[in-house]
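Subject: Structure for you to look at

Hello,

I am handing over the structure we talked about. Please open it alongside this message.

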Amino acid sequence: MNSPANNHSPEQPVAGVRLIVRGLHKSFDGQAVLNGIDLEVQPGEIFVIMGPSGSGKSVLLKHLIGLEAPDAGEILINGQSISTPEIAAQYRMALVFQSGALLNSLTVGENVGLYLTEHRLKPPEEIEKVVAAMLEDVGLKDVVDKMPSELSGGMKKRVAIARALIIDPQLILYDEPTSELDPISSVVIGNEILNLKRRIHVTSVVVTHDRDLAFGVADRIAVIAEGKIVTVGTPAEVKSFNDPLVQDFLRADFKRGG
Amino acid sequence: MFENIGDIVLLFWRTLLALPHAWRQRQKVLEQFFEIGNASLLMVCMLSFFIGGVICLNFGPPLVERSFTNAVGGVVGLAIALELAPVMMAILIAGRIGSAMAAEIGSMRVYQEIDALRTMNINPIQYLVLPRLIAIAAALPLLVVFSVLVGWFGGAVVADLNSHMEIPFKAFFADMKDLVGLKDVVKGVIKSFFFALIVGVVSCHQGLTTIGGPRGIGRSVTKAVVNSIVLIVVFDYILTRLLLNE
């Protein structure tokens with residue numbers, strides 16, 4: 001997945017990768033979850049995948065980073081299939097999990113520096129500096145020695161982003177980055193995704209059902225339902241796409257009587 | 001349990017293949033080693049003392065009645081060194097350490113921490129299983145040696161103080177020396193090394209295959225302990241048979 005041989009400064013622009021998914025199928029216990037997914041993400045683009053719960057968004061994301069193997073179809077990064085471990089290892093990819101997935105037995109600093117520590121990419125004192133800088137980049141100070149259990153949901157997400165950024169990713173995947181967050185924290189996370197695009201030109205794939213986040217950050221949006229892509233386009237194109245399922249999803253709201 | 005035996009063997013094989021990375025994981029090995037020691041030493045001490053005492057109490061009076069007084073030390077010494085110390089310590093470690101391993105790795109699996117490791121290209125077998133397996137394989141034989149010594153001491157105390165035996169301390173150990181040799185202790189230690197591998201691999205396997213939420217973790221912990229104990233007892237027979245003529 002990630003080459004351990006990266007020593008870029010996180011401030012240096014890195015070229016995002018082109019991602020192509022062709023005919024992706026996946027079933028669990030005979031139940032089809034992905035039903036022939038085709039999509040293309042351009043280098044440096046923020047590509048949002050929206051859809052109702054259970055539509056296969058997170059499963060798709062796990063395929064993109066190699067946590068799941070497809071039953072059929074292929075995933076190409078810069079034209080090369082990532083099903084070969086040697087090819088996958090040439091690219092630096094990171095996933096920001098919905099839950100953050102921080103290692104609860106490690107401090108925040110150890111979590112963020114885990115990749116560098118385990119692959120022995122820098123001496124410990126240098127890792128400390130990089131970790132502190134990375135945490136500051138995502139707006140967190142004085143949390144290095146805290147345990148994940150001492151952090152709020154928003155802080156955990158930002159630590160998870162810092163942990164993803166430390167590998168200097170060419171492709172960064174976000175799984176429901178604003179779930180369980182208050183509106184202000186959601187905006188902070190959304191702005192962070194936009195900042196990263198501006199700063200390091202990383203290719204970003206964001207899976208969400210948060211309409212505000214999707215239309216706030218996306219260059220293009222794909223709507224997925226029942227394991228199939230319903231439509232792909234710019235936010236304006238998706239908003240005007242004439243399909244009852246898409247329109248229902250985008251316009252769903254409470255109706256108060258009276 | 002038996003449907004997973006292939007997966008357990010595969011995990012063991014993969015962990016063996018990861019052995020060249022052991023030196024890099026030495027810090028985690030030491031942490032696990034001291035955790036096992038800290039968590040178990042007092043319990044091992046108590047358990048061994050009373051096991052030694054109760055074995056002496058069961059076998060001592062009938063032997064003394066039949067004028068086999070000088071066999072008491074040997075019988076107690078052999079029973080503890082060959083069987084009771086390795087098996088009882090392995091069962092204790094399965095309950096105390098195996099359960100903790102299954103719970104910790106299981107919760108990491110359920111809360112996607114293991115997926116997070118994989119996305120960072122960190123091999124969970126090298127990072128989680130290898131240090132635990134090395135630590136338990138080093139710690140259990142040492143605990144067994146300690147247990148044998150404490151068990152013998154417990155037996156000697158009971159033999160000396162019990163009115164049905166009243167075998168002096170020195171005589172107990174002198175009698176024991178006639179029957180029990182270093183090779184008997186070594187046999188027990190060899191068995192405990194294999195028991196440690198069983199507890200380590202079975203518990204880590206249960207942790208890594210945990211599914212579901214907290215209930216799934218609980219199920220994994222129970223299975224780790226029960227499966228470990230069953231395999232310890234089965235392998236105890238096999239190993240005893242193999243070591244019989246050595």
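Below is what was found, by topic. Please keep in mind that this is a predicted model.

Domains of chain A

Chain A is divided into domain 1, covering 19–92 + 169–250, and domain 2, covering 107–163. Taken over C-alpha atoms, the centres of domain 1 and domain 2 of chain A are separated by 26 Å. Contact between them involves 7 residues of domain 1 of chain A and 6 residues of domain 2 of chain A. On the domain 1 side, the residues that touch domain 2 are 4 nonpolar, 1 polar and 2 charged.

Strands S6 and S7 of chain A

Strand S6 of chain A (residues 93–96) is covered on both faces. Met93(A) and Leu95(A) are buried on one side, and Ala94(A) and Val96(A) are buried on the other. S6(A) runs parallel to strand S7 of chain A (residues 171–175), and 4 bridges join the two. Within this pairing, Met93(A) stands opposite Leu171(A) of S7(A).

Helix H6 of chain A

Helix H6 of chain A spans residues 153–165. From the first C-alpha to the last, the 13 residues of H6(A) reach 18 Å, close to the 18 Å expected at 1.5 Å a residue. Because 12 of these 13 residues are buried, H6(A) is largely enclosed by the rest of the structure. The buried residues include charged side chains by name: Lys156(A), Lys157(A), Arg158(A) and Arg163(A) are among them. Others in the buried set include Met155(A), Val159(A), Ile161(A) and Leu165(A). The buried residues of H6(A) pack against both strands described above, S6 and S7 of chain A, and against helices H3 (108–112), H4 (114–118), H5 (124–137) and H7 (183–200) of chain A.

Helix H1 of chain B

Helix H1 of chain B (residues 5–17) has 13 residues, which should span 18 Å at 1.5 Å a residue; the end C-alpha atoms of H1(B) are 18 Å apart, which agrees. Its buried residues are Ile8(B), Leu11(B) and Thr15(B). These cover an arc of only 60° around the axis, so they lie on the same side of H1(B). What covers them includes helix H5 (124–161) and helix H7 (182–208) of chain B. On the other side of H1(B), the exposed residues are Gly6(B), Val9(B), Trp13(B), Leu16(B) and Leu17(B).

Contact between the chains

Here 11 residues of chain B are in contact with 15 residues of chain A. Helix H4 of chain B (residues 113–119) gives the largest share of the chain B side, 5 residues. By class, that side has 5 nonpolar, 3 polar and 3 charged residues.

Regards

Definitions and conventions. Residues are numbered from 1 along each chain as its sequence is written. Chains are lettered from A and ligands numbered from 1 in the order in which they are written. This is a predicted model: local features need pLDDT of at least 70, side-chain atom pairs count only at pLDDT 80 or more; totals for chains, interfaces and linings use all residues. A residue is buried if 20 or more other C-beta atoms lie within 10 Å of its own, exposed if 12 or fewer, and partly exposed in between; C-beta atoms are placed from the backbone. Two strands pair if DSSP finds at least two bridges between them. Two residues are in contact if their C-beta atoms, placed from the backbone, lie within 7 Å. The expected span of a helix is 1.5 Å times one less than its number of residues. The arc is that of the directions from the helix axis to the C-beta atoms. Domain bounds come from an automatic or database domain assignment.
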